[in-house]
Amino acid sequence: MMSFDTQDEEFGAVEVTHSPARFSSIVAVAAAVLAVVTTGLIAPLSALVGVFGLVGVGGGLFVFESERLAIAGTGIVFLGIVVAGFFADVPEFLLFAALATIVAFDLVSNAFSVGRQLSDQTDTQRGEAVHVAATVFVGILAAGLSYGIYLVPWGALTIPALTFLLLSALFLLWSIRQ
Amino acid sequence: MDLETLLNRVLIAVGALLFVVAVAMIAAPGLGGALPFGTPAVFVVGIIATVTGLGVVRRRLRGEIEETVTPNPERPAGNPMPGEDVDRMLYEMSTLRQGVSENRDVLEQRLENLAVAVVRNREDCSVEEARRILQAGEWTSNEQAASFFQGERTAAEEAGLSGSLLSGTDDVAAFENQFRATVEELIRVGDVDVSQSVDVDEQTERSFLDQLLGRSGNEDEESDAVDTNWNESHSSIPTFDTSEPFEDVSLQHTDRWLGVTAFALVAVGIGTLTFKPGLMLAGTVGVAYTIYSRVSAVPRTEGLVVEREYDIEDPEPGDLVEVTLTVRNESGSMLPDLRLIDAVPDEFVVTDGCPRLHTALQSGAQAQIEYTARVERGEYEWPLLVVARDFSGGVERTSLVTPDAGMRIVPPLRVTNDVPVRAQTTQYAGDVDTKQGGSGLEFYSVREYRPGDPMNRINWKQVASTGELATIDFRQEKAATVTILFDTRQSAYISAGTDEPHAVDHSVHAASDIFGALYDQGNLVGVAAFDTVPCWYAPGAGSEHLENARVLFAQHPALSPRPPERQDHESQYIDPMTHVRRRLPSTSQIFLFSPLADDYAAEVARRLDSEGHLVTVISPDVTVDETVGQRLTRIERTARVRYLRERGIRVLDWNPDDRLSLEIEKAQARWA
């Protein structure tokens with residue numbers, strides 16, 4: 001008997017596709033939706049901007065598979081937060097919405113990265129879950145910390161002091177970015 | 001210390017100083033009053049922050065994330081399909097508008113040679129006569145096709161090449177249409193077996209895509225992935241070979257958080273400008289993530305222990321082997337983001353499961369990857385590609401971990417069926433019936449007694465009836481010398497589809513079975529290949545010979561499943577048959593394995609035949625019939641088969657989908 005019969009079905013190569021990782025994508029969209037809903041609660045007008053962003057995130061992840069579009073989408077969602085902050089300055093809601101947006105931003109880029117480097121057929125559950133957990137944990141920690149500082153009554157936050165504080169933050173951020 | 005670090009330190013120092021001043025002013029409110037700062041200063045800072053933030057957004061949208069590009073080891077390296085060169089030429093002419101006249105000349109020449117062969121075969125006439133028929137257009141009733149060979153190119157056309165370049169569009173399109181029509185007509189006239197003609201428009205589109213993306217036409221999405229195969233130049237893994245058990249490939253910042261600073265800067269900036277504390281607060285999350293992205297630890301992947309196990313100890317080519325990969329983290333720290341890809345050799349095809357995993361491993365934890373691969377002859381040891389990131393993903397370390405688990409796949413050379421050997425033999429006793437009388441089993445003739453004839457062969461009946469001595473001759477059975485010759489030039493590495501084995505694989509698989517059969521029949525069997533890598537194993541016998549042959553099939557570079565590097569045929573052309581011809585015993589029969597992808601292979605068979613060897617060509621048919629180029633190569637191959645058969649050379653036109661043993665049986669009936 002010939003040992004080769006390459007036409008058998010089982011001999012075909014498996015499929016390999018590289019769309020964005022599913023779990024991260026879903027969580028990213030959910031986070032973006034949360035951000036838009038939160039801003040919508042305090043300033044309905046801003047939700048209009050946010051919905052544009054949502055379309056970008058969803059479309060970029062699931063339809064066009066374009067990382068640039070999805071990232072730009074999170075940017076527009078964030079723009080919605082800025083608009084909301086302009087109309088209704090509710091710190092808690094804004095803080096939460098910003099947190100959700102940045103989580104979405106991170107997960108979008110991670111979803112694409114995992115999709116590119118691995119494949120849709122890969123078992124990515126655990127790796128993705130750990131990444132999501134780490135990002136959310138850091139975000140909640142940071143948001144809690146800044147909210148705590150915010151609640152502490154700072155008696156004399158004069159304008160010159162604020163200027164110096166901002167400038168110092170700016171310089172430190174620049175140094176970090178490099 | 002380079003400029004960047006210096007600048008960084010200055011920035012940190014200035015930032016810290018400003019922070020201290022700000023804290024001091026908050027603590028002692030009296031301090032601030034002396035400074036000439038008012039609302040405008042805050043505004044300026046706010047604007048700077050916003051503008052910087054927007055700059056970051058721009059950088060993010062323009063910039064690329066730096067990350068390791070991974071291979072797709074599941075699929076075999078795509079081998080070209082027959083006829084790709086023709087399709088490419090047509091594509092270049094019609095779409096890219098490159099080399100119009102050169103390609104046209106080449107295609108015309110090729111088609112003319114083919115047409116001559118087809119017409120000559122049909123009319124059974126000389127080459128000159130065939131040319132005359134073509135020139136006269138008498139070979140077909142299809143006017144478009146007939147006119148392709150009619151008349152020399154007029155002087156005006158020769159001179160007006162530049163003119164035709166100007167009005168190129170119509171000209172090229174007309175040529176292409178005529179070319180297609182002629183190919184179709186040759187299929188009809190030459191009675192070549194192809195599927196019914198494909199819609200021309202669709203064909204054009206397909207060949208266009210084929211050329212653009214190297215696709216096989218019908219499975220766009222899947223073959224797209226083949227483009228990013230390991231071999232591709234844009235893979236960031238520099239080489240496939242790693243002799244070390246652990247080797248670092250790269251360590252880099254991914255820049256995947258680039259842009260998160262923008263959330264901070266824009267929110268804080270606008271919050272300052274509009275005096276909205278809520279926005280400023282929202283911006284702090286961005287600051288926190290910016291810091292998070294820079295707090296990085298290099299993942300300690302050198303602590304990974306990788307073990308690979310196979311469910312079959314000694315696999316044979318074509319076996320499906322289940323591979324189990326166990327990865328254990330013994331680094332002593334957590335590896336939060338591991339992307340593992342088993343770099344399955346190009347020759348293997350993953351048929352089930354996935355050789356990849358994305359996971360996080362705590363210290364001491366382990367994970368498993370399971371997949372099934374169709375293996376191919378050769379000796380392999382391959383690495384696991386490990387792309388590890390830290391928690392934030394800001395740092396990415398890529399390494400190759402090669403477990404000590406090599407795989408050696410040797411063809412079994414088992415006896416599958418009888419192979420017809422012809423009566424060109426040696427002096428050794430064997431299995432092949434000759435046309436010589438002597439000692440043996442089968443009755444051959446009765447002849448006059450000659451002194452010295454053995455007594456047991458005297459025909460006593462005749463002696464009794466006539467009183468004259470006569471001797472019975474039996475048919476002598478002798479061993480043949482058979483050389484299995486492979487066509488393993490670059491041009492033979494063609495396959496009928498991206499997932500299909502190429503012609504050389506088909507040949508070697510078939511030959512390893514035939515080798516066993518021939519050996520079992522008591523023949524002296526040798527192996528040779530014509531390629532730039534000399535391959536010669538002289539015909540011989542004995543179990544050691546068989547064992548050596550097995551290893552040769554598995555490991556000789558000339559028979560490798562991986563095509564040879566592209567060679568520059570133009571500059572230094574050595575006839576690849578030279579070394580074979582020099583060593584070939586004059587009485588050796590030849591089994592030539594070749595897809596007959598070019599005239600050279602057919603010419604080799606013809607020349608060996610004329611040198612007195614009995615040649616049997618076993619030709620796996622890997623041609624397909626979708627695009628015009630593929631159809632053209634199919635007719636060309638058919639013409640070659642006919643050309644060889646005309647000269648009395650046995651050709652086994654073998655469709656690899658069918659079993660070779662059945663084909664041989666059928667052919668045997670024909671040849672007998």
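Which residues have the most contacts inside the largest nonpolar core? Select I484(B), L485(B) and A605(B): those are the ones, and the core around them has 129 residues. Keep in mind as you click around that this is a predicted model.

Next, highlight residues 503–520 of chain B. That's helix α16, and it supplies the largest share of this core, 10 residues.

Now go back to I484(B) and look at who it touches. Setting aside neighbours within four places in sequence, I484(B) is in contact with A511(B), I514(B), F515(B), V525(B), V527(B), F591(B) and F593(B). There's also a second, separate core of 80 residues; to find it, pick V49(A), I102(A), F164(A) and V285(B), which are among its members.

Time to show the whole of chain B. Colour it by secondary structure and you'll have 21 helices and 18 strands to explore. Of its 672 residues, 45% count as buried.

Last stop: bring chain A back into view. Here 97 residues of chain B are in contact with 79 residues of chain A. Select residues 277–294 of chain B, helix α14, which gives the largest share of chain B's side, 15 residues. By class, that side has 51 nonpolar, 25 polar and 21 charged residues.

Notes:
Residues numbered from 1 in each chain as written. Chains lettered and ligands numbered in written order. Predicted model: local features only at pLDDT ≥ 70, side-chain atom pairs only at ≥ 80, totals over all residues. Core = buried A, V, L, I, M, F, W, Y, C linked by C-beta atoms within 7 Å. Buried ≥ 20, exposed ≤ 12 C-beta atoms within 10 Å, placed from the backbone. Helix = DSSP H or I, 4+ residues; strand = E, 2+ residues; numbered from the N terminus. Contact = placed C-beta atoms within 7 Å. Nonpolar A, V, L, I, M, F, W, Y, C, P; charged D, E, K, R; others polar.
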